[in-house]
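Here are my notes on this model, point by point.

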Amino acid sequence: MSGDQKPGGGPIDLGEEDRAAIDHYHGRLMTATHYELLGVARDADRKTIRDAYFALSRRFHPDVFYKRELGLYKPRINEIFHAFTRAYDVLSNARQRAGYDLHLASLQSEPPSGISSVPPPPRPPAAANTSTPVRAP
């Protein structure tokens with residue numbers, strides 16, 4: 001048990017290694033891809049994805065921390081576990097994974113920061129030449 005205190009007083013019942021792992025994954029939730037969260041390659045097969053998910057679940061499932069004083073780590077653990085589950089659900093379903101891969105590809109093909117992908121507005125039509133007489137049919 002650590003000497004850290006939870007906001008309402010009392011110690012937080014997490015070792016340094018657990019806290020570091022929770023902080024690591026929680027810090028990556030907004031930026032990591034599903035592949036990165038599960039620690040698998042983009043071309044990983046279903047079995048590899050499943051094995052990675054179950055290994056992470058054994059470590060970060062909220063039930064692992066049952067009856068422990070977690071303080072602010074409790075909602076982080078829940079968020080991490082839900083992110084792992086979302087990643088697994090998407091990557092283990094062929095149709096959802098294909099859509100997710102297309103989404104990732106579209107993000108990678110966006111122009112660098114500061115360069116707009118919006119085309120410039122069309123040029124106005126050239127002014128009509130008023131010196132040429134219009135002939136009647």
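1. Helices here are DSSP runs (H or I, at least four residues), numbered from the N terminus.

2. This is a predicted model: local features need pLDDT of at least 70, side-chain atom pairs count only at pLDDT 80 or more, and totals for chains, interfaces and linings use all residues. Numbering runs from 1 along each chain as its sequence is written, and side-chain values use heavy atoms, with hydrogens and water left out.

3. The buried residues of α5 are R97, Y100 and L104. Down the axis of α5 they fall within an arc of 65°, so they line one face of the helix. The arc is taken from the directions from helix axis to C-beta atoms. On the other side of α5, R95 and L102 are exposed. Buried means under 20% relative accessible area and exposed over 50%, with a 1.4 Å probe and protein chains only.

4. What do the buried residues of α5 pack against? Their partners are α2 (34-38), α3 (46-60) and α4 (73-91). Contact means heavy atoms within 4.5 Å.

5. The N-terminal end of α5 is capped by N93. A side-chain oxygen of N93 lies 3.0 Å from the backbone nitrogen of R95.

6. F60 touches, beyond neighbours within four places in sequence, A21, I22, Y25, F65, I77, I80, F81 and F84.

Conventions: Helices (H or I, at least four residues) and strands (E, at least two) are DSSP runs, numbered from the N terminus. A polar contact is a pair of N or O atoms within 3.5 Å; within protein, one must be able to donate a hydrogen and the other to accept it, and residues adjacent in sequence count only if both atoms are side-chain atoms.
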